[in-house]
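Colleague: I have just opened the model and would like to go through it with you piece by piece. Could you start with a loop residue and tell me how it sits?

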Amino acid sequence: MRPFTKIMPMHQQEEEWFSTWLNSPYYDLLYKNNDVLEAQTFITNLIGHLQTKLTYRLLEMGCGKGQHALFLNKKGFNVTGLDISEQNIAFAQQFENEKLHFYQHDMRDIFRTAYYDLILNLFTNFGHFNSETENVVALRSTVAAIKPGGKLVLDFMNTNYAIRHLVHTEEKETEGVHFNISRKVEKGYIVKTISIKDADQSHTFHEKVRALTYDHFMEYFRMTSLRMVNVFGSYSLEPYHPETSERMIFILKK
């Protein structure tokens, strides 16, 4: 019997935005043209910088449909992918082999203990919960899965830069589906509203991510057994600059 396949109950009575949006076909349609090559180049740079050994166990937290985990597996790594979306994991499981496995899982719950040499949380797959406490719980549960001496890479937008360069309104059309997107900062979150027109159907979804700054993360890390090794400011691993970097890519060691 496959372990860890059952998702744990949601932690709050209030419905969370990702419980519907991530399982919607419009989510994939909106983001289908994301730069896959840029992501793969970033991951290649990252594992090279970390001198990641093929004997290591890797975990990708928030793996989506598994494309990055599959990319790492094709490089010879033993990879586990976790995602809260049932549909994402159902899709990803078609690619499983003896060194690649996918499980539906809520990152606020502990998955395995002291098991992984390297955990990757990439492309702002953090800070989506309804309270700051839950972010800390998610981080602590992630840390629990890392072996002593193992590492976590947490990649997040540079929030101050992102807010200064926020695109407040945007329209896209893909395969005949029209997306009207608006963004705002509200109550400590960056909130994106996606209004969709598909023939005679209309839908509205929301994304929100906590506007976490560098100082927020330093406080979070102090609450765990993590020590920061480095922080980069771009997918090409350039040095982090608070005012000009687009990303905050934290390299942390347990």
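Modeller: Take Ala199, which counts as exposed because its relative accessibility is 62%, over the cut-off of 50%. Please keep in mind throughout that this is a predicted model.

Colleague: Noted. Where is the place of Ala199?

Modeller: Ala199 sits in the loop that links β8 (189-198) to β9 (201-210). Its phi is positive, at about 55°, although Ala199 is not a glycine. Most residues other than glycine have a negative phi.

Colleague: OK, and what about Gln51, is it buried or exposed?

Modeller: Gln51 is exposed, because its relative accessibility is 63%. Gln51 belongs to the loop between α3 (36-49) and β1, and its phi, near 55°, is again a positive value in a residue other than glycine.

Colleague: Back to β8 and β9, then. What is the strand order in their sheet?

Modeller: The order is β6-β7-β8-β9, an open sheet of 4 strands with antiparallel pairing. β6 (169-174) and β9 stand at the edges with a single partner strand each, so one side of each has no neighbour in the sheet. Neighbouring strands there are turned by 20° against each other on average, with direction ignored.

Colleague: How many bridges join β7 to β8?

Modeller: There are 9 bridges between strand β7 (residues 177-186) and β8, and the two run antiparallel. Across from Ile196 in β8 stands Phe179.

Colleague: Switching topic, how many strands does the sheet with β3 and β10 have?

Modeller: That open sheet has 7 strands in the order β3-β2-β1-β4-β5-β11-β10, and its pairing is mixed. β3 (100-104) and β10 (227-232) are the edge strands, each pairing on one side only. On average, neighbouring strands of this sheet are turned by 15° against each other, direction ignored.

Colleague: Which strands does helix α4 touch?

Modeller: Helix α4 (residues 67-74) packs on the sheet and touches β1 (57-61), β2 (78-83), β3 and β4 (116-121), with a direction that makes about 160° with that of β3. Helix α6 (residues 132-144), for its part, lies across β1, β4 and β5, and runs at about 140° to β5.

Colleague: And how do β5 and β11 run?

Modeller: Strand β5 (residues 146-157) and strand β11 (residues 247-253) run antiparallel and are joined by 7 bridges.

Colleague: What is the angle between α6 and α8?

Modeller: The angle is about 55°, with the axes of α6 and helix α8 (residues 214-222) 10 Å apart. The two helices are therefore oblique to each other, and their crossing is right-handed. Glu132, Asn135, Val136 and Leu139 of α6 make the contact with His216, Tyr220 and Phe221 of α8.

Colleague: Which residues touch the most other members of the largest nonpolar core?

Modeller: In that core of 50 residues, they are Phe126, Leu139, Phe156, Phe179, Phe217 and Phe221. β5 supplies the largest share of this core, with 5 residues. There is also a second, separate core of 26 residues, which includes Ile43, Leu72, Val79 and Leu118.

Colleague: What is Phe217 in contact with?

Modeller: If neighbours within four places in sequence are left aside, Phe217 is in contact with Phe126, Leu154, Phe156, Leu212, Met248 and Phe250.

Colleague: Then Thr159, buried or exposed?

Modeller: Thr159 is buried, because its relative accessible area is 1%, which falls under the 20% cut-off. Thr159 lies in helix α7 (residues 159-164) and, neighbours within four places in sequence left aside, is in contact with Ile190, Ala211, Leu212, Thr213 and Met248.

Colleague: Last one from me: where is the place of Trp17?

Modeller: Trp17 belongs to the segment before α1 (18-21), and it counts as buried because its relative accessible area is 16%. Not counting residues up to four places away in sequence, Trp17 touches His128, His206, Glu207 and Lys208. Trp17 and His206 are 189 residues apart in sequence, while their C-alpha atoms are 6.2 Å apart in space.

Key:
Residues are numbered from 1 along each chain as its sequence is written. This is a predicted model: local features need pLDDT of at least 70, side-chain atom pairs count only at pLDDT 80 or more; totals for chains, interfaces and linings use all residues. Side-chain values use heavy atoms; hydrogens and water are left out. Buried means under 20% relative accessible area, exposed over 50%, partly exposed in between (1.4 Å probe, protein chains only). Contact means heavy atoms within 4.5 Å. Two strands pair if DSSP finds at least two bridges between them. Axes are lines fitted to C-alpha atoms, for helices over the stretch in contact, and angles run from 0 to 180 degrees between N-to-C directions. A nonpolar core is a set of buried Ala, Val, Leu, Ile, Met, Phe, Trp, Tyr and Cys residues joined through side-chain atoms within 4.5 Å. Angles under 35 degrees count as roughly parallel, over 145 as roughly antiparallel, 65 to 115 as roughly perpendicular and the rest as oblique. A crossing is left-handed if the near helix is turned anticlockwise from the far one by less than a right angle, and right-handed if clockwise.
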